[in-house]
Amino acid sequence: MTSGAERITAVLGPTNTGKTYLAIERMLGHASGMIGFPLRLLARENYDRIAGLRGAHRVALVTGEEKIIPPHASWWVCTVESMPLDRSVGFLAVDEVQLAGDAERGHIFTDRILHARGRDETMFLGADTARPILRRLVPSIEVIQRPRFSTLSYAGPKKLTRLPRRTAVVAFSANDVYEIADLVRRQRGGAAVVLGALSPRARNAQVGLYQAGEVDYMVATDAIGMGLNMDLDHVAFARLSKFDGRGPRRLTAAEIAQIAGRAGRHMNDGSFGTTDGADPLDPELVEAVENHRFDPLKSVFWRNTNLSFRSLSDLLRSLDRPAEQPYLMRKRDADDHTALQALARDPEIAARAERPDRLRLLWEVCQIPDFRKIMTDAHTRLLGQIYGHLSGPAESLPTDWVSGHVARLDRTEGDIDTLVQRIAHIRTWTYISHRPDWLADAQHWQERARAIEDKLSDALHERLTQRFVDRRSSVLSKRLKDADTLAAAVNAEGDVLVEGHYVGRLEGLAFRPDASATGDEARALAAAARRVLPGEIARRIGQLESDADHAFAFDADGRIVWSGTPVARLAPGRDALSPQIEPIANDFLSGHLRQRIQARLGRWLGQRVANVFKPLFETDAAELTGPARGLAFQIAEGLGSIPAAAAAAQVSALGPADRKALARLGIKLGMTAIYHPALVKPAAIALRAQLWAAHRGIRPTVPPAAGRISVAVDEAVPEGFYAAIGFQVLGGRAIRVDMVERLAAIARRLAAQGPFAATGEILAAAACKPGEIAPVLAALGYRAAVAESGTTFVPVKRARVRRIGPRRAGGGAAAAQADSPFAALRVKFGTRSGR
């Protein structure tokens, strides 16, 4: 103040200049004060702050929907519309006065600039664009320029999926916001959502989600451009046009600056730009935003406040009164004015409003806001009903009638848009409840409406979070940043839970992340798993080491499974009986852990091979001569069986003693094959298939089912497979070698008596149907003779078997000794020959 006169100042500047902080500090320096904010949310936020500084008993809150008025309040925090200007205070301030140029609410701000004053000091806060018009409206005003605390710079366009963390993406319709938020959820784990239609409680909850770090992105309308102070580093515009109530239009530079200015708070610099869905910003516009230079307000909206209540027509004429100054634009389509015009056309209402007091009441009813912003006949009808009750004999709203309207809104089911509309409707009733002269028990209805709004707001926050936030990803990301340890558990089914959220499954020793996770969410899950699983995997390896051999087996793909879960696979080794063991690739297995797995599975496999191939080991341990030893080597290479033709030279070199020694060891010297009978049993066949495939480095082929002695040849199986598992291919069928010997013996016996038919004995030995036997017998040297009496078989050529006498085997057996599979087995698995 100067010379004891009222001081009027304007504190102007861009966002983040400390204007509000200064005004509150100045207000608290006076014995009494009042400050008007453009949003109920801002009023509540600053009320809480001031009440914390000076005590709630000294601070009042006055908005259209909330009134907290202690008996001896010194400082009043209000929305601009609700400022009680009949109350004398030492200091008065109005925030965001540039909104006098807003088509919807500008006339309210203009009225406050013209008429709202503190006894000692008045302060107007806003953008520098308001300076010329303020000087016109208040010639004596003193202007104080405030520079921005931090730098705001243009970062150019970025893809939506490449935006930095702590970014707000701005669009201008609910549908656009929802679409973008859905994309951010899929790609980056989630986003908080801020719309102008949200209640303050729901909006605060969404902002709290962002501020707490549970999400790193926000998707919002221009509702964030005013009063929401957040830790934003970047603002990205997904759209550069908006619908202003009349039609779509481009954003002005000042509007872009107001929104972009949310980035970089206090001394932290911020940036702004566009997404790839928006047009690039013009260089001139970028320069204006970065340097805070905008076209000044040349005119503001105004409406006559000196209203006449002599008659309805006089009231309408006074509302239509034009301004005397050219820079004041008459507000033509305010909601209350539109509602009055509609109700004035109702003859009954017009008749009731003939008296000035009833007309003033009608005007007050018309000022009940339509928070749904639809201004349909439904809202007009509600206003008409309210006026009918208030102007009737009772002069109040019937309790049952109010109860019915309010009860219909006390429901939390429905989607996001349904809850938004329901909250908007209950806010209208909250406003009405703060007219104590209209209701029998106003306090009850204030509490009831507030409780319903809070319940609906919480439900809305929950719906928004469910749809647009992956709570799992957001919680894990926050905990990974803030905590040294994470609460983790693996249940009996192998589900991995971190901080109570499912992140994947631990199958044996391998972690399978949740397949539904993508992008940042998948990375968060992997990071959480890396923090919590090493200890569990080490514990499981200890369990693997202590488990008995029956816990291990092979699966159809040749992998070694532990308690039903694959943990390793076989790889080629020195020979078929000595494969390598390779643990399945796993990010959580260190070299030491891999060695422990290999050692335990090596012991299991060595014992398994030693048990199944016991006849081979007994043969290796026996005292055999050179020819018998060489034949034993060949049988071992064949994993227990070889075609007789392949060993003809070795067999011919055997003496009677050799043959007796081999017979005692169980080796069958057949006409078609030489084999160990025990090694053509199902368990041996299955292991032979695994070892042969591992040695060749191919995926195992499933052998014939246990008990099957004959199958149709599958042309897709690898060459050599049937021989490797103890089967011989005859005429399109693979028959187990011991059964081939039996079949050949039966055929020889029958053929000795002359042509023979395919008897049941022959079909049983070959395990095939009558129509399948001819090619099989042909492969054994019998041709079919077809006659009217039936088909018979005769030998193609009766040849004598010329026996070759014993002879020395030379050095071949000795050489085989050093390369024997048994030598490799003894080295790899620790088995001994016993010699």
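Visitor: What covers the buried residues of helix α3?
Guide: This is a predicted model. In it, α3 has ten residues, and eight of them are buried, so the helix is largely enclosed by the rest of the structure. The elements that cover these buried residues include β6, β7, α4 (131–137), β17 (300–302) and β18 (328–330).

Visitor: Which residues of α3 are the buried ones?
Guide: The helix spans residues 106–115. Eight of its ten residues count as buried. They are Gly106, His107, Ile108, Phe109, Thr110, Asp111, Arg112 and Ile113.

Visitor: Is strand β7 mostly covered or mostly uncovered, and on which faces?
Guide: β7 runs over residues 121–126, and six of its six residues are buried. On one side these are Glu121, Met123 and Leu125, and on the other Thr122, Phe124 and Gly126. The strand is therefore mostly covered, because buried means under 20% relative accessible area, and the covered faces are both.

Visitor: Which residue of β7 is the bridge partner of Val94?
Guide: Strands of a sheet pair through backbone hydrogen bonds, either parallel or antiparallel. Strand β6 (residues 91–94) pairs with β7 in the parallel sense, over four bridges. Val94 has as its bridge partner in β7 Phe124.

Visitor: What is the handedness of the crossover from β6 to β7?
Guide: β6 and β7 are paired in the parallel sense. Between them the chain passes through α3, making a β-α-β crossover. The handedness of this crossover is right-handed.

Visitor: Which residue of β7 is the bridge partner of Ile8?
Guide: Strand β1 (residues 7–12) also pairs with β7 in the parallel sense, over six bridges. Within β7, the partner of Ile8 is Thr122.

Visitor: Which strands are the edges of the open six-stranded sheet?
Guide: The order of this sheet is β9-β16-β13-β10-β12-β11, with parallel pairing. An edge strand here pairs on one side only. The edge strands are β9 (152–158) and β11 (192–194).

Visitor: At about what angle does helix α7 run to β13?
Guide: α7 (residues 253–260) lies across β9, β10 (167–170), β13 (234–237) and β16. Its angle to β13 is about 140°.

Visitor: How many disulfides are counted?
Guide: A disulfide needs a pair of cysteine sulfur atoms within 2.5 Å. By this rule, the count is zero.

Methods
Residues numbered from 1 in each chain as written. Predicted model: local features only at pLDDT ≥ 70, side-chain atom pairs only at ≥ 80, totals over all residues. Heavy atoms only, no water. Buried < 20%, exposed > 50% of the residue type's maximum accessible area, 1.4 Å probe, protein only. Helix = DSSP H or I, 4+ residues; strand = E, 2+ residues; numbered from the N terminus. Pairing = 2+ DSSP bridges. Right-handed = clockwise from strand over helix to strand, strands pointing away. Contact = heavy atoms within 4.5 Å. Axes fitted to C-alpha atoms, helices over the stretch in contact; angles between N-to-C directions.
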